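Please look over the model shown below before reading on. The notes that follow take up a sheet and then a helix.

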Amino acid sequence: MSAQKSYEELIKRIKEVSLLYSCEAVLGWDERTYMPRGGAGHRAEQLGLITGLAHEKFTDPRVGELLAELEQSDLVKDADSPEAVNIRETRYQYDKRTKLPKDLVEEITRVTTLAQGEWVTARKNSDFKHFLPWLEKVVKLQRDKADAYGYDTEPYSALLDDYEVGATTEEIVDVFTELRKELVELLEKVKGAPKRPDASIVTRDYDVELQRVFGESVAGSMGFSFNEGRLDITTHPFCTGIGPGDTRITTRYNPKRLNDALFGIMHEAGHGLYEMGINKKEYFGTPMGESTSLGIHESQSRMWENQVGRSRSFWVYFFPQAQRIFKESLGDVKLDDFYAAINEVKPSYIRVEADEATYNLHILLRFELERPLLTGELKPADAPGEWNSRFRKYFGIDVDKDSNGCLQDVHWSAGYIGYFPTYTLGNLYSAQFFARAKQDMPDLTKQFESGQFSGMREWLRKNIHLHGQRYRANRLVEKVTGKPLSHKPLIDYMNKKYSEIYGF
Ligand code: CO
């Protein structure tokens, strides 16, 4: 058989797997938006069947045969060609997946689907005991998964690799250590600063329907297409790229806080733009048609949420609009007071509502719990105590209830252990990309001031989105910015912004 024929057979097979996963994505979206609570058991069976089938199809020995043949062919000569990328990344995932027994994959899907339902109840009632047996099951299954993959130094690296291909725990510990030192210094400066924002501005009355209208208008200006996407309501906001022409985001509204939904929508729309920017029409179902890592994904959402959405230049354009829409609450407010209010630094319980300066400390805390949970050094029953004592140390406040502590995130119930570091990596990447974009487009701030975001969006599309998985995260960062990953751009950006707002 010619290499071209074999390549076509490989693509046909992996596309079918992707179609199964996109069916799973629709069911998962439905489960988290509109499905009645009573449907949880049946949904778990549906999802279990689909992931089992997808796993079986992807790990078929024929895929291995085709890969072995193609790896000897001319198709891999140019390592960055779409064919070579698809062969390389399919091989990488094939080797990983063939290490996982089918019954383990199905059991993980079944248990985590049920666990997510129980987590919703536990969180609502702030009842950790209700969730504990499920956390125990999830941790055990994730440990089994890490064992099946194999690892060099600790099981955590095996799980991390599912979200950030090629990243190791050791590297992340190094980057986080540097970052923590700088963040602590920054927080000290903020604490002792002469100026303080009046954040009560953003906790006035903000009609939920008007928030939706304003949020959709902002997302539309960013370039999020409502013809190829939609926005719904959930407890825990997310973005899911279902396939070509179908990208969905969710948010939650608080009638007493403008920030939550607004920056939440910008965040998820940033993820959405990445999904929409990948060339799925041509490459759907293959690695060239997929995002390269969760950290890079998060860099896209955080850039729109923070570097764009929390910049003064963005609000030069949008603040007059916001004043017209929320007349009662913003009519008498000055732009600079509003800008300071949306950038207030204040330790708080909830990660997804945290300001930019404290956000990464929330991630460090989770990372520090997950590693010993996985090795068994920390028992799931002791997680709340460990969480609360670390929280006190980093944030200087006591956690009042577990729904404000270790029950707040969906991740553990969903089996996403090893996922959290990708949030901080995303913040680091976003600052490094943004610094580069400003070099490439010196008038970027002016563009924002006049409501022009297509320059930013097209820069991201060209440099990041269109590559799919051509470059893994580390290489992409070097390729785009000319430098390896560093904590410096993020810290420089924060120091500059907060010194202006807080006057230190
Ligand atoms: Co995100």
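In which sense do E2 and strand E3 pair, and over how many bridges? E2 and strand E3 (residues 246–251) pair in the antiparallel sense over four bridges, where pairing requires that DSSP finds at least two bridges between two strands. This is a predicted model, in which local features need pLDDT of at least 70 and side-chain atom pairs count only at pLDDT 80 or more, while totals for chains, interfaces and linings use all residues. Residues are numbered from 1 along each chain as its sequence is written, and side-chain values use heavy atoms, with hydrogens and water left out.

**The sheet**

- Three strands, in the order E1-E3-E2, make up an open sheet with mixed pairing; strands (E, at least two residues) and helices (H or I, at least four) are DSSP runs numbered from the N terminus.
- Strand E1 (229–233) and strand E2 (239–243) are the edge strands, each pairing on one side only, and the twist from one strand to the next averages 20°.
- Gly243 has Asp246, in E3, as its bridge partner.
- Helix H1 (residues 3–33) lies across E1, E2 and E3 and runs at about 145° to E2, with axes fitted to C-alpha atoms, for helices over the stretch in contact (heavy atoms within 4.5 Å), and angles taken from 0 to 180 degrees between N-to-C directions.

**Helix H23**

- The 15 residues of helix H23 (residues 488–502) should span 21 Å at 1.5 Å a residue, which agrees with the 20 Å between its end C-alpha atoms; the expected span is 1.5 Å times one less than the number of residues.
- Among the buried residues of H23 are Pro489, Tyr493 and Tyr502, buried meaning under 20% relative accessible area with a 1.4 Å probe, protein chains only.
- Just after H23, Gly503 takes a positive phi of about 70°.

Notes:
Buried < 20%, exposed > 50% of the residue type's maximum accessible area, 1.4 Å probe, protein only.
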